[in-house]
Amino acid sequence: MDKVYYTILLVAGFVFCSSIPAIAVDLDKENRDPEYVQNIVNRSQKIVDELEISDPQTAETVRNILANRYFELNDIYEVRDRKVKEIKASGLEGEARDVALKAAENEKDAALYRSHFAFPARLSLYIDEGRIEKIKDGMTFGVVKVTYEATTDMIPSLTEEEKAQIYAWLIEAREFAMDAENSHKKHEAFGKYKGRINNYLSARGYDLVKEREGWYARIKERENK
């Protein structure tokens, strides 16, 4: 009897919690340059428009969560930059200067790590995993899809295991790129993993120079058809 009673309580609690609507999220625009805010809102809106969210309030909330993430990243890097500037102006030299600069970088990395997982968690209150993935791709210029498709097109003989490994590394790279401070750093994050992928494929016996030459020839042939 007790088991049945507790089961009913658990189910009732789940239904009650599930029926509570998610709270709308405001745009964190206080004390920020209006032009900068508008630029971020526009960038975020373009990404959210691709999700085709039918409910306007949900779409606005998701856009605000995304824009707020951009604001948060900017704040983290501004703190780092300010500390670096202060260190360089302090007169510190040699090892002491290097240690101080490293500490500023470590503090930045710690702040990024603490906030990284909260972002998709907030989004999950409003949208499904598929849409969250699209937001991540939007923040990183769709590099995962472009790189994966280019690599598999360049080397048609890739095994399923190899394809899975390549895709997994690109997804991992995207997590770092999402937190990068600018587009150059985002591409740099992917660049490191592209190097890892190239080393992996070379170790598996692929001649990447020949594979690339053959790929270029096939592309030219397709264009001429």
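**Exercise 1. Classify Ala111 by its relative accessibility, and place Ala111 in the fold.**

Solution. At a relative accessibility of 17%, Ala111 counts as buried, given that buried means under 20% relative accessible area, exposed over 50% and partly exposed in between, with a 1.4 Å probe and protein chains only. Next, Ala111 is found in helix H4; helices (H or I, at least four residues) and strands (E, at least two) are DSSP runs, numbered from the N terminus. Finally, Ala111 and Asp128 are 17 residues apart in sequence and 26 Å apart in space, C-alpha to C-alpha.

The model is predicted: local features need pLDDT of at least 70, side-chain atom pairs count only at pLDDT 80 or more, and totals for chains, interfaces and linings use all residues. Residues are numbered from 1 along each chain as its sequence is written, and side-chain values use heavy atoms, leaving out hydrogens and water.

**Exercise 2. Determine how H3 and H4 are oriented, and which residues make their contact.**

Solution. Step one is the geometry: the angle between H3 and H4 is about 170°, and their axes lie 9 Å apart. Axes are lines fitted to C-alpha atoms, for helices over the stretch in contact, and angles run from 0 to 180 degrees between N-to-C directions. H3 is therefore roughly antiparallel to H4, where angles under 35 degrees count as roughly parallel, over 145 as roughly antiparallel, 65 to 115 as roughly perpendicular and the rest as oblique.

Step two is the contact (heavy atoms within 4.5 Å). Residues of H3 that take part include Leu73, Ile76, Tyr77 and Val84, and those of H4 include Ala104, Ala111 and Leu112. By class, the contact of H3 with H4 has 10 nonpolar, two polar and nine charged residues. Here Ala, Val, Leu, Ile, Met, Phe, Trp, Tyr, Cys and Pro count as nonpolar, Asp, Glu, Lys and Arg as charged, and the others, Gly among them, as polar.

**Exercise 3. Carry out the analysis for H7 and H10.**

Solution. Helix H7 (residues 143-154) packs against helix H10 (residues 208-224) at about 100°, with axes 9 Å apart. H7 is therefore roughly perpendicular to H10. Ala150, Asp153 and Met154 in H7 meet Glu211, Arg212, Trp215, Arg218 and Arg222 in H10. These residues divide into three nonpolar, no polar and five charged.

**Exercise 4. Describe the largest pocket by its volume and lining.**

Solution. The volume is about 620 Å³. On a 1 Å grid over the protein atoms alone, a pocket is an open set of points where a 1.4 Å probe fits, with protein on both sides within 12 Å along at least five of seven lines; lining residues have an atom within 4 Å of a point. Of the 17 lining residues, Tyr77, Asp109, Leu112, Phe176 and Asp179 are the closest to the centre of the largest pocket. Helix H4 (94-116), helix H8 (160-178) and helix H9 (183-203) each supply at least two lining residues. The lining divides into eight nonpolar, one polar and eight charged residues.

Terms used. Points joined across faces, edges and corners; volume = space filled by probe spheres on them.
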